[in-house]
Amino acid sequence: MDDHSRVIIHFDIDCFYAQVEMVKNPKLRSVPLGIQQKTVVVTSNYLAREYGIKKCMRISEAKELCPNLVLVKGEDLYDYRQTSNKVFELLQSYSPFVEKLGMDENFVDVTELVKERLQQAQKADLVGFVFGDVNSTECVCGCQERLLKGSEIAQEIRDKVYTNLGLTTCAGIAHNKILAKIVGSENKPNKQTVLFPNDALELMLSLRSVRRIPWIGNAAADVLERISITTVEELHNCDLEQLGRVFDRDKAKNLKDLSFGIDNTPVKTTGKPLSIGLEDACKLTEEKAVQTKFHELLKRLLILVKEDGRIPKVIRITVRKFNPLHPMGGLRETRQCHINIPLTNEEKFIQTAMNLFWKIINRNGSFKVTVLGLSFTKFADKPSEKNTLNTFLMKTSQKEYFESDASCSNQEPVLKRGKFLQDNVENSENAIECPPGVDKTVFKELPLEVQQEIWSDYTRNKQLMDKNSKSKLSKPNTLFNFLQRQKH
Ligand code: DGT
Ligand code: MG
């Protein structure tokens, strides 16, 4: 069943990377501009497109078409990510249902907003373009009115994105995601297009090739080709049984639905990413060069992780070895492991990454690596300030110490809960002795297990000091030493 009850808007930022650069440097607005990554132009502004410059064109070819082309390097994605986040936040002020699709595309479900607005003012006017027949027969469910209201809201949001962030966008307005996405690219740049459900079939047929249907990936399109289905029309006319021979039932049904523009999937609110990672194409043949590349990636990655605010728990590396049979490609291999490393300890991250690297690459042979990547894939939420030991102790008016010791201010000591329970079997009474040199009042306020840890630290320390009475060993970073330093 095709459901018309929703109003979905798909937003796509025009020539995204190029616009970000033009916002940073407005002089670039009046010149043909290409964004360069390695040897290709990954996107260009619309002025450059008039010369025939296309996405992922080689620099040499682009320069031939447009000798005045101004190139800006776009390998550092930081500013693009920042802008992408700002757009996302702005969209969230209109609806809680905003789904990010890549860096410059978002779906917004504005059904509720449309309902509210229609209650306030019955009449809705078309803003922008319509795909197909403007006077197509009205559907009894009232979707036309809702979509018209959606077109007003789309314009309002696009105006806001432009006023606040200086970016022009395209929008597609329809009753589901796939149709909103497809119809949004009908009129570009800086335009918006509505689709009424009656014209969905015509829109889908206008794509011609099944490869142009969003969410039908290359792999599925290749399989379809094997059974002689290359056009949308052929997919319409084939029966489910035929598809069932090469796809499972659900996939077959899904392909068929997509070809008719039927898509009942909800706009899923995008949360924080499951992984944060970076990778670079390179040619590395020596250990030192690999380390340097990891350092470079880590520096950029840590900026993103700090902004994200969560604590990474798993590190993953990606390596593509040079393969003479696929000089431009080949399989990527990954290895990962759990970590418990403070974000400040870069050396430890690199050491861990190198250990993983040697699990993919034979340490005793020569190697050639063409892609190196580093990512964090599992995260723990940062402990809330309220529950950290720091905050707890700060309440005991020792604030200055924490503020002056950066190494302690961000790190919550790890409590070995299991170990404590064992250690403390015979000492399960609530009275744990306060070690000498620690403020008794502070100690008394601490939770039992923390008291136990401090006591264990103290006894361990004592044994160590007894053994090396004259030694000037630096004191390890234990809770006990920490509290002692605080007292003196
Ligand atoms: P548009 O939407 O046609 O006005 O132009 P863009 O540039 O916004 O293109 P879009 O939406 O397909 O992609 C968004 C950005 O993603 C684009 O500015 C550059 C980057 N990008 C697109 N395609 C590729 C690609 O094949 N490789 C790389 N590295 N980046 C790409
Ligand atoms: Mg775009």
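The site of the magnesium ion (ligand 2) comes out octahedral in this predicted model, with angles of 81 to 173° among its six donor atoms; six donors get that label if opposite ones are over 155 degrees apart and all others between 65 and 115. For reference, ideal angles for six octahedral donors are 90 or 180 degrees. Donors here are N, O and S atoms within 2.8 Å of the metal (3.2 Å for Na, K and Ca), and water is not among the atoms, so sites may look incomplete. On the protein side, D12 (OD), I13 (O) and D104 (OD) coordinate the ion at 2.1 to 2.2 Å. I13 sits in strand β1 (residues 8–13) and D104 in the loop between β6 (98–101) and β7 (105–109), so this pair ties together parts 91 residues apart in sequence; strands are DSSP runs (E, at least two residues) and helices likewise (H or I, at least four).

As for ligand 1, C15, Q37, T43, Y46 and K188 come nearest of the 15 residues around it, where "around" means a heavy atom within 4 Å. Oxygen atoms of ligand 1 lie 2.8 Å from a polar backbone atom of C15, and 2.8 Å from a side-chain N or O atom of K55 and of K188. β1, α1 (16–24), β3 (40–44) and α2 (46–49) each supply at least two shell residues.

Some bookkeeping: residues are numbered from 1 along each chain as written, with chains lettered from A and ligands numbered from 1 in written order. Local features need pLDDT of at least 70, side-chain atom pairs 80 or more, while totals for chains, interfaces and linings use all residues, and side-chain values use heavy atoms, without hydrogens and water.

Terms used
Tetrahedral: all angles 85-135°; square planar, octahedral: opposite > 155°, others 65-115°. Polar contact = N/O pair within 3.5 Å; in protein donor to acceptor, adjacent residues only side chain to side chain.
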